[in-house]
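Welcome! Open the viewer, find the selection tool, and follow along one stop at a time.

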Amino acid sequence: MSFLSVRDVVTAYGKIEALRGVSLEVAEGAITCLLGPNGAGKTTLMLTLAGILRPRRGSIRFAGEDIAGRAPHAIVARGVALVPENRLVFPAMTVAENLQAGAYQRRDKNTVARDIERMFARFPRLKERAAQQAGTLSGGEQQMLAVARALMSRPKLLLMDEPSLGLAPLVVEEIFRIVTELHRDGVTIFLVEQNAHMALKVAQHFYLMEQGKVTFSGDPGSLAEDEVIRRAYLGSAKS
Amino acid sequence: MLVDFIQNTLDGLSTGAAYALLALGFTLIFGVLRRANLSFGPAIMFGAYCATWTHVNFGAGLLLLALITVGGAVLAGAYVERLCFAPHRGGSAIAAMVASFALWMQFEEFATLVLPRHLYAFPMLHEGDPIALGPFTLRADALVMLGAALAACALVWGTLYRTRFGLAVRALIEQPAAAALAGINVPWVFARVFALASALGGVAGYLVIATHGQITPMLGMWATMKGLLAMMLGGLGSLPGAVLGGLALGFIEAHSQWYLGPQMRDLIAYLLLFVLLAARVPWMTTRSAS
């Protein structure tokens, strides 16, 4: 039984179906990657998994439980956390308060405090800026903060929506280094990326999504990389 | 001259304290739900009318009347939240506001049905003479009003910055989508913010009718106007701004009334708002509360 199982999910904005029957699986402990051109529906899928959007049809099962259509806070309670596109840190709160917010559902104050220390150890630049307002951080620092905030809920499945978006190449490398570290520590990661090249370097399995459907499933190397990149950025030509 | 100025300032600050509470209530709802609640004032009036009804039919002590006012306002606020704001949460803001306007009418009609007279006496906080302090006169109830309002503001600040609930409220104000993703139970927080805002309004409403010694059905309209005006003067969506806007409004009204007479008092306040909005002063534009 796979960790996360998505079957024929349809999500629509009014009359427009952004997800037209998406099916995929995420294996426990692996890094699974979702690639595809803009507008393919990748973010819509992430928001559906996180409970921000309700699917019209289809099923989403996580660790044996049905989570489709549940409220976002209920999904976090079941161990799924999303690092959203564009980070969405709480700008007027300090870095430390952002981390506290990520641990909102946890009542064990002492372990939360220790987890914050562990986040600071993993992300030293956040520690330097612990009392600074999150809105004043650089893009890369905000991305790290968004990841750390999601990790504060101790998720079993971490969803990441375009973590490299808008970041300089060196920062992107750092982000992917963190992704690899998290994987090594046993966190299951489902990663949406535009940066196909970097994503394929870390993923164990990947999916291609185009126009609301999954069009390819395989491991890195099963499709020639330039073919993957072409379809990830441009989509496949309709013949 | 200076004595008059200081006296007016003191008077203005104590009415301003009530305005600050009204503005805080409005701003909490606006900042968190991103909707204007047009039934905020009427819910306060409902609470005040519950207290008046109790006083007229049974008589009651000051503290009990205060509690009934606040309790009634919170109850009415919950009614508004369930009917107008919860159903339209992901949908139209206009629908929610129009619905709250309809409930405003409902509250007023209900109030005049139960207590038909245009004006009712209400037990005053302090019946005696004002306190003389040098050249100044201080009304004891105005001091109570100022003190209660300051205490309420301190309570709100403490809640927002020292409690888990406050963290959730600030998260919702600053970044609503991320707040849900952080595991915050958004509908639950919305309902409690409504209750807090209604309670603040109830305190303000009680203080006002207990210092004036009377209540009319216009209380709802009055609270709405003053609250909105103070909120906008202080910068839409800012909580410290709401407090400052309330105090500023009290200050402006007291001095306008002194130098220009009571007719000009409201005119000056609205004129100032118009000028500030027209000049697009930076602090007036919507921003997240800090």
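Start by selecting G31(B), which sits in helix α1 (residues 2-33) of chain B; helices (H or I, at least four residues) and strands (E, at least two) are DSSP runs, numbered from the N terminus. This is a predicted model, in which local features need pLDDT of at least 70, side-chain atom pairs count only at pLDDT 80 or more, and totals for chains, interfaces and linings use all residues. Residues are numbered from 1 along each chain as its sequence is written, while chains are lettered from A and ligands numbered from 1 in the order in which they are written.

Is G31(B) buried or exposed? G31(B) is buried because 25 other C-beta atoms lie within 10 Å (buried takes 20 or more such atoms within 10 Å, exposed 12 or fewer, partly exposed in between, with C-beta atoms placed from the backbone).

Next, show chain A beside chain B. Their contact (C-beta atoms, placed from the backbone, within 7 Å) takes 21 residues from chain A and 16 residues from chain B. On the chain B side, α6 (164-174) and α7 (176-181) each supply at least two residues, and α6(B) gives the most, with five.

Last stop: chain A's open sheet of four strands, in the order β2-β1-β4-β5 with antiparallel pairing. Strands pair if DSSP finds at least two bridges between them. Select β1 (residues 4-13) and β2(A), which pair over eight bridges, and look for V6(A) opposite L24(A).

Conventions: Two residues are in contact if their C-beta atoms, placed from the backbone, lie within 7 Å.
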